[in-house]
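Please read them alongside the sequence and the coordinates.

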Amino acid sequence: MPQLLTLTACETRVTGKCLPALLGCKKLTAFRLTNVVVNNESLRALKDFPHLQRLALVRVGLSLRGVEHISKCTELQMLDINYNHRIDDKAVPFLAKLTKLKALWLGGSSVSLPALEQLAALHLQSIKLPKSFSSYSPKEQQRIKKAFPLVRFGSSKAPTVDSF
């Protein structure tokens with residue numbers, strides 16, 4: 001499978017322990033796990049996929065240790081870690097290391113507004129906030145818009161990450 005570009009495993013028994021076995025797939029650009037229980041330590045192997053640009057780990061029980069491993073994926077442009085409730089402010093310094101990120105999805109996480117503002121330096125083009133934009137106060141909404149000036153907030157339709 002050395003030519004494999006995209007791998008998706010949703011609602012399966014895949015836990016991520018198979019990642020080292022996939023290291024021959026050096027061209028892998030997109031990897032998605034959804035609704036599985038991921039072995040966070042196995043995410044250490046992600047850094048060995050030199051072309052990985054899109055990563056989705058949705059509802060996988062992601063931990064701070066898992067985010068630390070993700071932060072070593074220097075080519076990431078899109079990261080979807082929606083619905084991982086244990087992701088909080090402690091994850092932000094690791095996320096800030098992903099300087100090529102254009103899109104970041106944190107829906108359903110526990111990241112606070114002050115921590116979100118620390119991600120402003122990434123100049124994201126798209127972000128899914130931990131809660132809906134309308135649930136923030138007007139003052140908080142202004143802070144969010146200031147931190148992420150390239151992002152359109154308050155549109156009736158949320159962006160989708162199902163690009164792979």
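1. Contact here means heavy atoms within 4.5 Å. With neighbours within four places in sequence left aside, Leu116 is in contact with Leu106, Val111, Ile127, Leu129, Pro130, Tyr136 and Phe148.

2. The model is a predicted one, in which local features need pLDDT of at least 70 and side-chain atom pairs count only at pLDDT 80 or more, while totals for chains, interfaces and linings use all residues. Residues are numbered from 1 along each chain as its sequence is written, and side-chain values use heavy atoms, with hydrogens and water left out.

3. The protein has four helices and six strands, where helices (H or I, at least four residues) and strands (E, at least two) are DSSP runs numbered from the N terminus. Read from the N terminus, the order of these elements is β-β-β-α-β-α-β-α-β-α. Among contacts with a separation of 6 or more, 56% are between residues 24 or more positions apart.

4. Of the 164 residues, 46% are buried, a term that stands for under 20% relative accessible area, with exposed meaning over 50% and partly exposed in between (1.4 Å probe, protein chains only). The accessible surface comes to about 8500 Å², and carbon and sulfur atoms account for 55% of it; these areas come from the Shrake-Rupley method with a 1.4 Å probe, and for residues only the protein chains shown count as cover.

5. In soluble globular proteins, nonpolar side chains tend to be buried together. A nonpolar core is taken as a set of buried Ala, Val, Leu, Ile, Met, Phe, Trp, Tyr and Cys residues joined through side-chain atoms within 4.5 Å. The largest such core has 48 residues, and those with the most contacts inside it are Ile70, Leu79, Leu95, Leu116 and Phe148. At least two residues of this core come from each of β2 (30-34), β3 (54-58), α1 (64-70), α2 (92-95), α3 (113-117) and α4.

6. How many aromatic pairs are there, if rings of Phe, Tyr and Trp (its six-membered ring) pair when their centres lie within 6.5 Å, with planes under 30 degrees apart counted as stacked, over 60 as edge-to-face and the rest as tilted? The count is one, namely the stacked pair of Phe133 and Phe153, at 4.9 Å centre to centre and with 15° between the planes. Because Phe133 lies in the loop between β6 (126-128) and α4 (138-147) and Phe153 in the segment after α4, the pair ties together parts that are 20 residues apart in sequence. Both Phe133 and Phe153 are buried.

7. A charge sits over a ring if NZ of Lys or CZ of Arg is within 6 Å of the ring centre and within 35 degrees of the ring normal. Arg59 lies over the face of Tyr83 at 4.3 Å from the ring centre, and Lys131 lies over the face of Tyr136 at 4.7 Å from the ring centre.

8. Ser63, in the loop between β3 and α1, counts as buried because its relative accessibility is 15%. Apart from neighbours within four places in sequence, Ser63 is in contact with Asn40, Arg86 and Ile87.

9. Ser109 lies in the loop between β5 (103-105) and α3 and is buried, with a relative accessible area of 11%. With neighbours within four places in sequence again set aside, Ser109 is in contact with Asn84, Ile87 and Pro130.
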